[in-house]
Every structure is written in structure tokens, then in C-alpha cells.
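Please keep the sequence and the model open while you go through this note.

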Amino acid sequence: MMQRYHFLQQAQWWDSERVQAYRDEALAKLIRTSYAEVPFYRQQMEAAGVKPSDIRTAADLVKLPVVDKTMLRSGYPDQTTRDTGQKVYEACTSGSTGKNFCIKEDAWTAGWYRASFLLCLDWADWTFGEPHLQTGITLNRSIDRRIKDRLLRCHYIPAFDLHDDRLDENLERIDRYKIDHVWGYPSSLYYLARRAKKQGWNRPLRSVITWGDMVYPRYREMIESTFGTQVRDTYGCCEGMHIAAQCGHDNQYHIHSLDVIVEYLDADNNPVGANQTGDVIVTRLHPGPMPLIRYRIGDRATRSDGQPCRCGRGFELMRGIQGRDTDCVVTPTGNRLIVHFFTGVLEHFQEVDSFQVVQNERDSVQVRIVPRQGFSRETKQHIASTLAERGAEDLRVDVETVSEIPLTPAGKRRFVINNLDRP
Ligand SMILES: [Zn+2]
């Protein structure tokens, strides 16, 4: 991680030609490796009549088929993974689509994306060892995470509990430990900022870094006006890469061009034009145990117009991310359950294929689940009791199984719908 981080600190100032040359070389190598060692990609390439030598630059990627979660899931793990000679582990997500999806990664994969994330922290003016407050959904931090927290002076607070008195405690903690940096989900930081403003809390911060969901304009406005600093949003994913982050100029995002190639495709898989929005297709340049080539990640984003950024960095720009449309459930005692609250619980249930949460009444919530094999009455009870334990204790949780989660008229999947919020 540190080696890669130091490399990126230099490489971010390369001009775009040099960035592209590095990227294309890494791409050609990725394709050769995947063709030789991963049956899934060899089959895909053979079916498309493409040889590894046909892919020399990012522009050649259109010759290859787009792959999605369903395709990768069907060949997982035998057909889709390779032996890197290192210890591998599984990383699973339900976050970006509401549907479980697993990949394999190793220490090199993790080293690369962690280094890219450190670079984002650099951009937001944080230096190693400065105390920071971080919100997250892990209730029991593992021992190595706790060591990391200690070393990096991270005050980790769960985003499960967003009651006003807990928010006040967090504000006191920021005062007591002279914390200048606050990071986490935009939704949880929005509630922290809103509470701070209401309490007349007034202490400018040096950085607010967000990830994991959409920074709605009202979130940004509230956080920036309360904490007196610009929100730097980052775009990562659970599939072993960090995709993009804001450098602080123009609210655009720099793609981590030495880690990932981003394409934006329309409904017919054709590239969209400048300033147009399309499905995000990523190619991770680091092959790792499970290469991802032209992988449809399930998000939508807007392409930039190709102008370089005023900061002078050579990494390509992305205009914006169309995040997941999501509400927040409010419990009778005033806890706010953000989308990560639900994904943080439900991603541990292998029997859950996908889900949606709907609040129609103040004291109850409906959890709709598309079940997988093994889902039983006990699973239902277990889900309801785990949600209660983690922060929904004053809500009645009705778990019901459905055959599919309906999409919105715009074709989007919504995870959390709060019908009480609507006029
Ligand atoms: Zn920039």
C-alpha cells in the first residue's frame, strides 16, 4: 500500500499522455493474463473473435463484451478466478445493487485500492496521524481495524445510531479531541451537521470526506455551511478498486486512471457523448485473483467534456455520479436508519437475494426480500431481531418475501422508501 501510495503521489502529476501510456500498458497485460489464466474471459474473447493482441489501448475495449454480475456469478469461483500465489479472501457486497455479489481479492488488490484512497485523503489535506472521526456500519471492529484506528487516530462511530443525544456526544467528541476531519456516509454526516447547526455548535473543520451514497445538494449545503469546509466526495466500490474522488476544483471527480478505466454506455451499450450520463462500466487494471474487464457495476455517471482539471493532475475527469436514490427511515424515538444500516445487516444473510425497505407508518417498517435457497421462517425472525438490536428496537419490522423488487418508473431500484416524507 505505502509503495503504491508513494508512486501515486508522483504519478498524479504526470501529464495525460503519460497517464494513458501507463494505463494502456497495464491494460494489455491485464488482457493477456486474463486470457491465459481465467477461463471465463478466454471464453468471452473467443466467442467475440478477439485475441489478446487486439486490445492495445482503452479505445480497443469496445471489441470485448460487457459482463455483469449475473454472468460472473454463474462462473464463480472456478471459471472467474486465477491463482496469484497469495492468500485470497472473499469480499461481498449488497450495497450498490441490493443484491449480494462476491469477488476474490488478495493483499495486492487491497494495497492498490487503499493507496488510491490515501491519495483522496491527501487531496482533502489530511496527513497521517491527524485525528479524525469516521462513521461506518461495522459494529464489531476487527482487531486489525482497531489497531489501524489507533495508529491513524481514527475515532470510529457506528452510523447505526443517529439519535439526537448520540449526535451531541459525537460533537462533544470532536471538541474534546480537537478533531479537524470528519469522514463517512453523506446521510449520517448530514444529520450530524443539521444537529450541530441547531445546537449552535460552531467549529470549522478542515476536511469532510464522504463515500457510499449520494451527496444530495441539500446534504452538501448543510454540511458545508455548518462545518465551514468543502465536502470531498469519493467513489469507491466493494469490488476491489477505488474509482474516483473529488480534488476540490469544480466538483468534478478524478478517475484513478492508473487503477481503473471507466466507460459510460447507453442502453444499447454504445458510448455516450461528453456531458451525457450512462451506465458505468469499469475495467480494473490490477488483475488480482478475479479480473474485472468491462464490468457493469450498476451505477450511472456523467462523462466529462475532456477538459483538464485546474488542479493540474493528469487523471481523467468524471462530471458526476448519479447515485442510488434512497430515503431514510425515522423511528418513533428519533433514530435515523440510513440505507447502510439495512445493507450492513442484510449483507450477512446469504439467504437474501435482494431487498427493499418501505416505511408507511411511524411505528413500523416493511422489509421486502427476494429470498434465496435456505430462506426460512427462522431467517425472517433472525433478520427482524438483528435489525431491532442494531437500532430499530422501537419499530415493528415486518419481513415479507416477494418474487421481485419493482423498479421505479425511471427504471431505478430504490432501497429505502419513506412514504411519510412525501406530501
Ligand atoms: Zn483536479
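**Notes on the model**

1. L118 is buried, with a relative accessible area of 9%. Buried means under 20% relative accessible area, exposed means over 50%, and partly exposed lies in between (1.4 Å probe, protein chains only). L118 sits in helix α5, residues 107-123. Helices (H or I, at least four residues) and strands (E, at least two) are DSSP runs, numbered from the N terminus.

2. A word on the basis. This is a predicted model: local features need pLDDT of at least 70, side-chain atom pairs count only at pLDDT 80 or more, and totals for chains, interfaces and linings use all residues. Residues are numbered from 1 along each chain as its sequence is written, and side-chain values use heavy atoms, with hydrogens and water left out.

3. What does L118 touch, not counting residues up to four places away in sequence? The partners are M1, M2, Y5 and F128. Contact here means heavy atoms within 4.5 Å. R300 is 182 residues from L118 in sequence, and their C-alpha atoms are 24 Å apart in space.

4. M2 belongs to helix α1, residues 2-11. Its relative accessibility is 33%, so M2 counts as partly exposed.

5. The protein is divided into domain 1 (1-323) and domain 2 (329-418). These bounds come from an automatic or database domain assignment. The two centres, taken over C-alpha atoms, are separated by 26 Å. Across the boundary, 27 residues of domain 1 are in contact with 25 residues of domain 2.

6. How much area do domain 1 and domain 2 bury between them? About 2100 Å², with 51% of it on carbon and sulfur atoms. On the domain 1 side, N100, F160 and H163 lose the most area to domain 2, together 31% of what that side buries. Buried area is the accessible area (1.4 Å probe) that two parts lose on being put together, summed over both.

7. Between domain 1 and domain 2 the count is one salt bridge. A salt bridge is a side-chain nitrogen of Lys or Arg within 4 Å of a carboxyl oxygen of Asp or Glu. By this rule the count comes to 27 salt bridges. One of these pairs is D164 with R336, whose closest N and O atoms are 3.0 Å apart.

8. Look next at D259 and R4. Their side chains meet in a salt bridge at 3.4 Å, N to O. D259 lies in the loop between β9 (253-255) and β10 (260-265) and R4 lies in helix α1, so the pair ties together parts that are 255 residues apart in sequence. Both D259 and R4 are buried.

9. D60 and K63 form a salt bridge at 3.3 Å, N to O. D60 is buried at 15% relative accessibility, while K63 is partly exposed at 40%. D398 pairs with R396, the closest N and O atoms being 3.3 Å apart. Here D398 is partly exposed at 31%, and R396 is partly exposed at 45%. Salt bridges that share partners also join D125, E130, D180, R203 and R206 into one network.

10. Check the backbone too. Most residues other than glycine have a negative phi, and most peptide bonds are trans. Y76 and P77 are joined by a cis peptide bond, with omega about -5°. P77 is in the loop between α4 and β1.

11. Where does R153 lie? R153 is in the loop between α6 (143-151) and β4 (154-158). Its phi is positive, about 55°, although R153 is not a glycine. R153 is partly exposed at 47% relative accessibility. N275, also not a glycine, has a positive phi near 65°. N275 is in the loop between β10 and β11 (277-284), and is partly exposed at 39%.
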